[in-house]
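Subject: Structure handover

Hi,

Here is the structure I promised to pass on to you. Please have it open while you read, as my notes follow below.

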Amino acid sequence: MPSRVRVWLNRTYAENVFFMDQLRRNPSDRAVEIHATHGDADSPVLAAADTAELEPEGLSPAGYVEYALDQCVRRGIDVFVPRLHQAAIVAHRAEFAAAGTALLAPTPQAVAVFEDKVTAYEAVRSVGVPVPPWWRVRTADELLAAVEELEAAGHTACFKPASGAGGVGFRVVTRAPFSLTHLGGFPGPHVPLDLAVGALRAAEEPVDWLVMPRLGQPEVSVDCLTGPDNRVRLAVGRTKNGRRRGFTLHEQWLAPARLIAEGFGLHYLSNVQFRMFGDRPVLLDVNTRPAGGLHQLSLCGVNAPWAAVQLALGEDPGQVEPPFLGRDYTVVAGLRPLRPVSLPHQRVETGPLLPAVPAPVEPAQTAETAGALPL
């Protein structure tokens, strides 16, 4: 009988409770135990894990590597899926391997290229992948110059941090003066140019922003599974156009994503995002980690997390083709139980992982996570 597989996810996104569900419901019927660590005691991933710990705060990247190696040895981790301090961790892959742990993460070179969006754009453009025009700005005068050049060409300008993930810091520049319009309803991404310029002039140190035209929809996120041999085993595009989501296997999205994943050593799970610039797709971003929406591929009959774990263990799943493309869907918030604050936690319950009707939970002990519903 195959041995149990022990997987660790560190300080990961709440949506990865679904990643964990898929590992346990793997088509190989292999026993999987999941360890999770986080800085937030109320993270739903801690409740979903078999064992859980709060992470120490204030560790340097080097200190975190030591902490991670200790976790892998003490917990008998077979596969580690690092999000926090990914760059520092993959630089020590040999030490983790010596401890018996495989890293489900790309090469150090790939992480270095895609940590910085300007470096990433320059790299992918050199291999023929279209990118939007961009300006790297650090001062108010540079921001003004970039915005004026974009607007002169008929574009709406936006900016975001040159490094970062998840849309944090993304803003759309508007010439409209600040007014009650900006205070009505929910906060939006639009920021008046004069306020942004004023904030930069008042700042004590320069920023590091990427200014570019606001790109059009659809947004297509291509989830890739790539082996250590640089061969892509799976590539499926998830489309987003407003609230509507769907799937695509069109080569205009998949071909450049494969080129990036194979050419830059994006081993295991990565996510390559595109949007439209005029009438052609251009690169938006590259994530060197599993996307938060990866579990949505289950609507196409694909269990990408398990295929990635197999690859990390040296058990090649071969080419993974979706047996069908799921119908269009939308994403809504759902309830997940939380666990008591006390840690560590050992799972003791047994039975089905996902009952047909969720068990009732107290409102104070739930968190919202996003699940997919068909349209």
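Which elements do the buried residues of α9 pack against? In this predicted model, they pack against α8, β8, β9 (190–192) and β10. Before I go further into that region, a word on confidence.

**Confidence**

The mean pLDDT of the protein is 91, with 93% of its residues at 70 or more. Residues 348–364 are a stretch to handle separately: pLDDT is below 50 there, and the stretch has 8 contacts in the model beyond near neighbours in sequence.

Let me start with α8, which runs over residues 140–152. This helix has 13 residues and reaches 18 Å from its first C-alpha to its last, close to the 18 Å expected at 1.5 Å a residue. Its buried residues are Ala140, Leu143, Ala146, Val147 and Leu150. They sit on the same side of α8, because the arc they cover around the axis is only 130 degrees. On the face turned away from that buried side you will find the exposed residues Asp141 and Ala152. Just after α8 comes glycine 154, with a positive phi of about 90 degrees.

Now for α9. Buried here are Leu193, Ala196, Val197 and Leu200. Looking down the axis of α9, these residues fall within an arc of 95 degrees, so they line one face of the helix. The face turned away from this buried side carries Asp194 and Ala202, which are exposed.

How are the two helices placed against each other? The axes of α8 and α9 are 8 Å apart, and the helices pack at an angle of about 155 degrees. Angles over 145 degrees count as roughly antiparallel, so α8 is roughly antiparallel to α9. For the residues that meet, look at Ala140, Asp141, Leu143, Leu144 and Val147 on the α8 side, and at Leu193, Ala196, Val197, Leu200 and Arg201 on the α9 side.

**Helix α10**

Helix α10 covers residues 251–263. It has 13 residues and reaches 17 Å between its first and last C-alpha, close to the 18 Å expected at 1.5 Å a residue. The buried residues of α10 are Trp253, Leu254, Pro256, Ala257, Ile260 and Ala261. Just after α10, glycine 265 takes a positive phi of about 70 degrees.

**Backbone details**

A few spots may interest you if you go through the torsions:

- Glutamine 217 and proline 218 are joined by a cis peptide bond, with omega at about 10 degrees. Proline 218 lies in strand β11 (residues 216–226).
- Asparagine 230 is not a glycine, yet its phi is positive, at about 65 degrees. Asparagine 230 lies in the loop between β11 and β12 (232–241) and is partly exposed, with a relative accessible area of 32%.
- Tyrosine 268 is another residue other than glycine with a positive phi, near 65 degrees. Tyrosine 268 belongs to strand β14 (residues 268–277) and counts as buried, because its relative accessibility is 7% and the cut-off for buried is under 20%.

**Two more residues to look at**

Is asparagine 287 buried or exposed? Asparagine 287 is buried, with a relative accessible area of 7%. Its place is in strand β15 (residues 280–287). Leaving aside residues up to four places away in sequence, asparagine 287 touches Ser270, Asn271 and Gln273.

Alanine 98, in helix α5 (residues 93–98), counts as exposed at 71% relative accessibility. Alanine 98 and serine 126 are 28 residues apart along the chain, and their C-alpha atoms are separated by 36 Å.

That is what I have for you on this one.

Best wishes

Technical notes:
Residues are numbered from 1 along each chain as its sequence is written. This is a predicted model: local features need pLDDT of at least 70, side-chain atom pairs count only at pLDDT 80 or more; totals for chains, interfaces and linings use all residues. Side-chain values use heavy atoms; hydrogens and water are left out. pLDDT is the predictor's confidence in each residue, from 0 to 100. Contact means heavy atoms within 4.5 Å. Helices (H or I, at least four residues) and strands (E, at least two) are DSSP runs, numbered from the N terminus. Buried means under 20% relative accessible area, exposed over 50%, partly exposed in between (1.4 Å probe, protein chains only). The expected span of a helix is 1.5 Å times one less than its number of residues. The arc is that of the directions from the helix axis to the C-beta atoms. Axes are lines fitted to C-alpha atoms, for helices over the stretch in contact, and angles run from 0 to 180 degrees between N-to-C directions. Angles under 35 degrees count as roughly parallel, over 145 as roughly antiparallel, 65 to 115 as roughly perpendicular and the rest as oblique.
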